[in-house]
Amino acid sequence: MDTERPPQLRTSGPPPEAAAPPGGARLGGTPPPINALAELVADLIAATGLVPADKLALVRGAAGQGSLAQALVEQDVASGEGIARTLAARYHMPLVDLALMGVAEEAKKEIPLHVLERLVAIPYALKDSVLSIAVADPGNIQAIDELRIATRYQVELGVASKEDILTEIRRLQRASEAFGARAAVEEELAIEAEEESDDLEVDDGISDAPLVRLVNSVIFQAAEDGASDVHFEPQEDSLLVRFRVDGVLQEVQRIPKRMMAGVTTRLKVLAKLDIAERRKPQDGRISLNAAAAGRTLDIRVATLPTVEGESIVMRLLDKSKRAPTLTELGLAEEMRSKLAEIIRRPTGALLVTGPTGSGKSTTLYAALTDINRPQINIITVEDPVEYRLGGVNQVQINTKAGLTFATALRSILRSDPDVVMVGEIRDGETAKIAIEAALTGHLVLSTLHTNDAPQALTRLNEMGVEPFLTGAAVSAVLAQRLARKLCTHCCELYTPSVDELLNARVTPEVAAAADGMAFYRKRGCPRCGQTGYKGRIGIYQLLEMSETVESLAVTKASREDIERAAIAEGMRTLWDDGLAKVASGLTSIEELARVSI
C-alpha cells in the first residue's frame, strides 16, 4: 500500500454521486451514468494540466464508448497505477499495491470467483472481521453494493490498478483449475488402483479431462509469467516443472510421480508424437491460443529419455508479439546510429553473434522492422518463424521435406530479393551462399554462434569461406548478450568496495577508477518474484569492417589481432558496454559478470 497520500486534485463541479466517498454508499443507490467514471477521470487529468487538451481529446475519441482508462494506458498517456492513484485521491480511499501486499489465502475465498471477474475486484486481506477489497472502479456504486452483499464480513475498500486486479484474478483461476484438475486426477487414479486396472489404461491420458486441465494450467501459467521455456523433468519421487523466465530457470511446482505418465502422454499427444516410443528423443510442435494470457503460442516440444523417465522441454514462441525496433533494444545512441546506417546499405552482410538465447534473432527482426518498406523485397528463411512481419516473405525450414537453410537460400536468390535474412548460419554451405549473396547486390542479415564480434570473421574462415570473400562481403558484426534488468521497485543504491569490483572480474584499473562510485544492486520484492530482476536488456559490441580489419581478415589473422586493431579504431568490448549500463542503474555488476565473457 502506498503510504504517501497523493495531492488532492480539484475539479470544477464534480458530479454529486462522485463527490461522496463510496464507502458510505447505501444499498439501492442510483448507479452513475455509463461513462460517468470516464468523464471524471478525464476531468481530473485535464485539471492537472499535465496532458495537453488536444492529446486528451484524441484519447477520448479513441476510447469511444469503451474504457477511457484503458485508452489512456494504450495511448501511453497514463499508466494503470497512475489512474488508480488519481481515483484513490479523488475518492479519499487507500491506494493498494497488490504486488507488494499480496492476496491473503483466507481473504480470496470469501467471494466467488465469477463475482470477482464480473466486478473487477479482489479481496486481499481479512483481519478482525473486516474484509479488505481492492476495486478498479470506486465510482461503481452498484458493484460495491454487490460486494457487500456477497460477504458476511464488514467491507473496507481500496483502489488498485485494473491490470493488477486482473492479474490476481487470473492467478486465482489458474490455481483453482490446477487444484481441481490435480484432485480429480488423484481421485481417478485411486479408483483405478482399487479396481486393479491394467497399467496401460492408467498411462493413457489422452481423453482424461482433469489431466487436460492440469497440463493446460501449467502452459497458461507459463504464458502469463512470460516464460520462454517450460521443463518437465522426471525425478525419483515427482515430476519437476520449471520455467525459464528472463533467461533463468525457476522451480514452479512438483507433480506427484503417479501422474507423471499421464502428463507426459498428454504433452506427446498435443505435439503429435509417438506415445509408445519412449526410448529415443522426439521433436514436435503445438499451436495454442492462450486467450487468458492474451498470447497466441507456437510451442516446440522436445522429449529426451532419462534414467527416471522422459524429460520434456517446451519452447514457447509468442506469434502475437510485435517485433521491436532498434531504439527499443537498448543500444547506445552512437552504436544505434552506426547500425541504422549499415542496414540501409544496398549490399553487404551484417552478422549478429552470441550464444543460444542471447536475443540474436530479435535483433535481426528489429533491423528488418526499421528497413521494411514497399519499395524493397525482403525474404527470410527461419527455423522457426518467431515474429510475423507484414510485407515480408517468411520461409519456414522443413528438414523432413528437404528444405534446409542452404536449399531455401538458393531458391530465395532466384526470387529477386533486395534483403535476405538467414535465421542461422549452421554449416559451410549456408555460409558460402550467404557471403556470395552479399557480394552480388543483396543485403544479407544472419546470426552466428561465436563469443564475440572478432571471432565471427575467423569462424567463417573455419567454415570454408575464402578469407578475401569474408573481408569484402561482411559490413559489420554485432555481438550481444542479454542481462536481466534490475527491478525498479526494489533495487537499492550502494557503493561497492574495490574488492567487490575485483571479485566481479572488473580490471584493477577500472576498479580503482570506480572506487567511491554509487551503483545499484538487487534486493527482491513480490513484483519481481523476490529475484531482484524484471525484464532484460541487451549488451552489445559492434565491429565495423574497415580497411585495417579487412586486410587482417584476408591474411587469416587471429581473433586477438583483429580485436586489438578494432579496439584501436574505437570498438568497445562487451564488458565496456555492460559497465555503462551498470553505471546507468539498468543492471548489476553481478549480472554483468554472469552473462559476459
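## Close-up views of a predicted model

**View 1. An open sheet of 7 strands, in the order β12-β11-β13-β14-β10-β15-β18, with mixed pairing.** Everything in these views comes from a predicted model. β12 (393-396) and β18 (533-544) sit at the edges, and each has a single partner strand, so one side of each goes without a neighbour in the sheet. Going from one strand to the next, the twist averages 20 degrees. As background, strands of a sheet pair through backbone hydrogen bonds, and they can do this parallel or antiparallel.

**View 2. Strands β10 and β14, a parallel pair from that sheet.** Here β10 covers residues 348-353 and β14 covers residues 443-448, with 6 bridges joining them.

**View 3. Helix α16 lying across β11 and β13.** The helix takes in residues 405-412, while the strands under this view are β11 (378-382) and β13 (419-422). Relative to β11, helix α16 runs at about 170 degrees.

View 4. The bond from aspartate 383 to proline 384 is the cis one, with omega near -5 degrees. Proline 384 belongs to the loop between β11 and β12. For context, most peptide bonds are trans.

**View 5. Helices α22 and α23 side by side.** The axes of α22 (residues 547-554) and α23 (residues 559-568) come within 9 Å and cross at roughly 175 degrees. Angles over 145 degrees count as roughly antiparallel, and α22 and α23 are therefore roughly antiparallel to each other. Who meets whom? On the α22 side we have Thr548, Val549 and Leu552, and they meet Asp561, Ile562 and Ala565 in α23. Sorted by class, this contact has 4 nonpolar, 1 polar and 1 charged residues.

**View 6. Two residues with positive phi, valine 120 and lysine 272.** Most residues other than glycine have a negative phi. Valine 120 has phi near 50 degrees and lies in the loop between α8 (113-119) and β1 (121-127). Lysine 272 has phi near 60 degrees, and you'll find this lysine in the loop between α13 (260-270) and β7 (282-290). Is valine 120 buried or exposed? Its relative accessibility is 18%, so valine 120 counts as buried. Lysine 272, at 74% relative accessibility, counts as exposed.

Definitions and conventions. Residues numbered from 1 in each chain as written. Predicted model: local features only at pLDDT ≥ 70, side-chain atom pairs only at ≥ 80, totals over all residues. Heavy atoms only, no water. Pairing = 2+ DSSP bridges. Helix = DSSP H or I, 4+ residues; strand = E, 2+ residues; numbered from the N terminus. Axes fitted to C-alpha atoms, helices over the stretch in contact; angles between N-to-C directions. Contact = heavy atoms within 4.5 Å. Parallel < 35°, antiparallel > 145°, perpendicular 65-115°, else oblique. Nonpolar A, V, L, I, M, F, W, Y, C, P; charged D, E, K, R; others polar. Buried < 20%, exposed > 50% of the residue type's maximum accessible area, 1.4 Å probe, protein only.
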